Amino acid sequence: TLDGCNVHDCNATYGGAVAASFDSDLTVRNSVLENNTATSNSGAIDCYTRCTLAVENTTIRNNHGLSS
């Protein structure tokens, strides 16, 4: 769980701000995910392989995934 977090100007391979996978539960609330970049897949949040995602009261803006 991310609660009350500001994640900005980060770079990663998967999910520029946060990545979760393999039967995980991810909750992002009361947070800001901004100006993040991933070289593969999602620029902000990458939730894959049976991952459950909940986003509440969160701003997600200007994130970029660079894969084709």
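Analyst: Two strands pair if DSSP finds at least two bridges between them. In this predicted model, β6 and β10 pair in the parallel sense over 3 bridges. One of the residues involved is valine 32, whose bridge partner in β10 is threonine 59.

User: In what order do the strands of the open sheet stand, and which strands are at its edges?

Analyst: The open sheet has 3 strands in the order β2-β6-β10, with parallel pairing. β2 (6–8) and β10 (59–61) are the edge strands; each has a single partner strand, so one side of each is without a neighbour in the sheet. From one strand to the next, the twist averages 5 degrees.

User: Is serine 31 buried or exposed?

Analyst: Buried means under 20% relative accessible area. Serine 31 counts as buried because its relative accessibility is 2%. Serine 31 sits in the loop between β5 (25–29) and β6 (32–34). Its side chain reaches the backbone nitrogen of cysteine 5 at 3.0 Å. Leaving aside residues up to four places away in sequence, serine 31 touches several residues, among them Leu2, Asn57 and Thr59.

User: How many aromatic pairs are there, and which residues do ring pairs link into a cluster?

Analyst: There are 2 aromatic pairs. The ring centres of tyrosine 14 and tyrosine 48 are 6.2 Å apart and the planes lie at 45 degrees, so this pair is tilted. Tyrosine 14 belongs to strand β3 and tyrosine 48 to strand β8, so the pair ties together parts 34 residues apart in sequence. Phenylalanine 22 and tyrosine 48 form an edge-to-face pair, at 6.3 Å centre to centre and 75 degrees between the planes.

Terms used
Residues are numbered from 1 along each chain as its sequence is written. This is a predicted model: local features need pLDDT of at least 70, side-chain atom pairs count only at pLDDT 80 or more; totals for chains, interfaces and linings use all residues. Side-chain values use heavy atoms; hydrogens and water are left out. Helices (H or I, at least four residues) and strands (E, at least two) are DSSP runs, numbered from the N terminus. Buried means under 20% relative accessible area, exposed over 50%, partly exposed in between (1.4 Å probe, protein chains only). A polar contact is a pair of N or O atoms within 3.5 Å; within protein, one must be able to donate a hydrogen and the other to accept it, and residues adjacent in sequence count only if both atoms are side-chain atoms. Contact means heavy atoms within 4.5 Å. Axes are lines fitted to C-alpha atoms, for helices over the stretch in contact, and angles run from 0 to 180 degrees between N-to-C directions. Rings of Phe, Tyr and Trp (its six-membered ring) pair if their centres lie within 6.5 Å; planes under 30 degrees apart count as stacked, over 60 as edge-to-face and the rest as tilted.
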